[in-house]
Amino acid sequence: METLHNTLSKEERLYCKKDIADLLAGGRFTGGIPMRFCTRLETGTGHSRIMVSVPKKLFKRAVKRNLLKRRIRESYRLQKSVLEGVEADILFIYNTKEVLPSERIFQLVGDHLRTLAGKASLKKD
């Protein structure tokens with residue numbers, strides 16, 4: 001399968017209830033405030049998949065929730081090349097009441113992806 005580096009295709013999104021349940025049951029939670037991550041390596045899909053969650057409890061208005069989800073997905077899309085050759089399911093959970101700027105979200109997502117790529121390379125060795 002050939003992936004385009006500047007898109008976020010349906011194959012790269014985590015949407016099946018069974019896959020989400022497997023991620024939550026067998027994944028490892030990391031991070032804290034302002035963002036948490038649940039990650040499961042070696043999924044057998046051949047590529048990485050993501051899911052983004054912004055709780056309604058923190059943001060009642062859908063406009064702000066959707067803004068934050070767009071920012072997180074865009075940050076992942078621009079930096080997903082870091083995970084080249086890594087099979088992982090990742091859940092991004094936004095975890096603070098303030099709306100962070102795009103640059104800060106970009107940095108948080110990038111830091112997590114680099115950490116994940118490092119762990120995956122250690123497992124392969």
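These numbered points walk through the sheet, the helices, the cores and the aromatic pairs of a predicted model.

1. **The sheet.** Start with the strands. There are 4 of them, forming an open sheet in the order β1-β2-β4-β3. The pairing is mixed. β1 (28–31) and β3 (49–53) are the edge strands, and each of these pairs on one side only. Neighbouring strands are turned against each other by 20° on average, direction ignored.

2. **β1 and β2.** These two strands form a hairpin, with 3 residues between them. They run antiparallel, and 4 bridges join β1 to β2 (residues 35–41).

3. **β2 and β4.** On this side, too, the pairing deserves a look. β2 and β4 run antiparallel and are joined by 7 bridges. Here Arg-40 stands opposite Asp-89 of β4. As for cover, 5 of the 7 residues of β2 are buried, and the strand is mostly covered.

4. **Helices on the sheet.** Which strands does helix α1 touch? Helix α1 (residues 17–26) packs on the sheet and touches β1, β2, β3 and β4 (88–94). Its direction makes about 100° with that of β2. Helix α2 (residues 62–79) also packs on the sheet, where it touches β2, β3 and β4. The direction of α2 makes about 155° with that of β3.

5. **The length of α2.** A quick check on this helix works out. At 1.5 Å a residue, the 18 residues of α2 should span 26 Å, and the end C-alpha atoms are 26 Å apart, which agrees. The buried residues of α2 are Arg-65, Leu-68, Ile-72, Ser-75, Tyr-76, Arg-77 and Gln-79.

6. **The largest nonpolar core.** This core has 25 residues. Met-35, Phe-92 and Tyr-94 touch the most other members. Two or more residues come from each of β2, β3, α2, β4 and α3 (102–124). Helix α3 gives the largest share, 7 residues.

7. **Met-35 and a second core.** Leaving aside residues up to four places away in sequence, Met-35 touches Ile-72, Phe-92, Ile-93, Tyr-94, Asn-95, Ile-105, Leu-108 and Val-109. There is also a second, separate core of 6 residues. Its members include Leu-14, Leu-23, Leu-91 and Ile-93.

8. **Asp-19.** Buried or exposed? Asp-19 lies in helix α1. Its relative accessibility is 19%, so Asp-19 counts as buried; the cut-off is under 20%. Not counting residues up to four places away in sequence, Asp-19 touches Leu-14 and Arg-49. Leu-14 is one of the residues in the second core.

9. **Aromatic pairs.** How many does a search of the whole structure find? It finds 3 aromatic pairs. Phe-59 and Tyr-94 form a tilted pair, at 6.0 Å centre to centre with 50° between the planes. Phe-59 sits in the loop between β3 and α2, and Tyr-94 sits in strand β4, so the pair ties together parts that are 35 residues apart in sequence. Both Phe-59 and Tyr-94 are buried.

10. **A ring cluster.** Phe-37, Tyr-76 and Phe-92 are linked into a cluster by ring pairs. Two of these names have come up already. Tyr-76 is among the buried residues of α2, and Phe-92 is among the residues that touch the most other members of the largest nonpolar core.

How values were computed: Residues are numbered from 1 along each chain as its sequence is written. This is a predicted model: local features need pLDDT of at least 70, side-chain atom pairs count only at pLDDT 80 or more; totals for chains, interfaces and linings use all residues. Side-chain values use heavy atoms; hydrogens and water are left out. Two strands pair if DSSP finds at least two bridges between them. Axes are lines fitted to C-alpha atoms, for helices over the stretch in contact, and angles run from 0 to 180 degrees between N-to-C directions. Contact means heavy atoms within 4.5 Å. The expected span of a helix is 1.5 Å times one less than its number of residues. Buried means under 20% relative accessible area, exposed over 50%, partly exposed in between (1.4 Å probe, protein chains only). A nonpolar core is a set of buried Ala, Val, Leu, Ile, Met, Phe, Trp, Tyr and Cys residues joined through side-chain atoms within 4.5 Å. Rings of Phe, Tyr and Trp (its six-membered ring) pair if their centres lie within 6.5 Å; planes under 30 degrees apart count as stacked, over 60 as edge-to-face and the rest as tilted.
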